[in-house]
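Please walk through one region of this chain with me. Start from the model itself, then follow the text.

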Amino acid sequence: MIIHHKSSEKMDEVDNEFVHLIITSPPYPMIQKWDELELFCHGREDVVIGKEDFWIQHDRLLRIWAECKRVLVPGGLLCLNIGDATRTIDGEFCCYPNYAYVTIQLFKMGFTPLVPIIWRKISNRPNAFLGSGMLPPNGYIAQDCEYIGIYRNGGKRVFTPHDPQRYASEFTKEQRDVWFQQVWNIPGAAGAKKTSAFPEEIPYRLVQMFSCIDEVVLDPFSGTGTTKTVCEILEREFIGYEVEENNP
Ligand SMILES: C[S@@+](CC[C@H](N)C(=O)[O-])C[C@H]1O[C@@H](n2cnc3c(N)ncnc32)[C@H](O)[C@@H]1O
């Protein structure tokens, strides 16, 4: 279990085809809470975020996706939690389509997109309505879902028949029936507004669905280390990258 406190734009510490599974959640492009980090990383402290930053921020992430492709074993999976960003810039409200755009970029790069998971964050509060009362046509749909995109590095992974490590990692039929449904109803992590952590249940499922015991799991945006904690419990090796020194 190791976390490198540096940018994952260059993961020189990790050999080619060394990682079996990647589970991660980047700073979502165009989300206001990441403006400071974005401007700081580019020495642009005095500049205001504009509509064109959608492309700029995705292009920066692209370098990390290329590194992910390099370190993944053939057939290894990249599970990417990302949400679209709703924001008003220059008086124009827009839903910046992060999931759609990152999926096209990964597809172009040679990843195979698989069916995504729709993560519906269960909430007690009634959906906030954005718009003009009950009058058509200018209301906006309340956003209460994020995506977990699943992308494969080439074809399926190949195992020898009855591979003992694979069989020791088997999950139950009950787990399969829930985990492989497209919609996951899971509450957000406590305090997630501040830390951006995802709930443990997300990597807890993904690790068991897509890796075997003792295999290597990478999180290039490891944050508070949720994926690491789960890997310790589930007997997987973990490698993380995180720029924020205060994170574990
Ligand atoms: C959405 S949070 C990840 C939260 C994590 N899944 C958790 O459960 O705590 C994104 C993290 O990426 C970090 N980060 C941003 N740019 C980075 C980069 N280039 N390399 C490594 N970490 C980065 C941020 O500091 C932040 O902690």
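Predicted model: local features only at pLDDT ≥ 70, side-chain atom pairs only at ≥ 80, totals over all residues.

Is Tyr204 buried or partly exposed? Its relative accessibility is 31%. Buried requires under 20% and exposed over 50%, so Tyr204 counts as partly exposed. Beyond its neighbours within four places in sequence, Tyr204 contacts Trp179, Val230 and Leu234. Cys145 sits 59 residues from Tyr204 along the chain, and their C-alpha atoms are 19 Å apart.

Val230 leads on to the next elements. Helix 8 covers residues 226-233, and together with strand 10 and strand 11 it makes a right-handed β-α-β unit.

Look at strand 10, residues 216-219. Val216 and Leu218 point one way. Val217 and Asp219 point the other way. All four residues are buried, whichever way they point.

Which strands does strand 10 pair with? One is strand 2, residues 19-24, which runs parallel to strand 10 and is joined to it by two bridges. Here Leu218 is the bridge partner of Ile22. Another is strand 11, residues 237-241, also parallel to strand 10 and joined to it by four bridges. In that pairing, Asp219 stands opposite Gly240.

Notes
Residues numbered from 1 in each chain as written. Heavy atoms only, no water. Buried < 20%, exposed > 50% of the residue type's maximum accessible area, 1.4 Å probe, protein only. Pairing = 2+ DSSP bridges. Right-handed = clockwise from strand over helix to strand, strands pointing away. Contact = heavy atoms within 4.5 Å.
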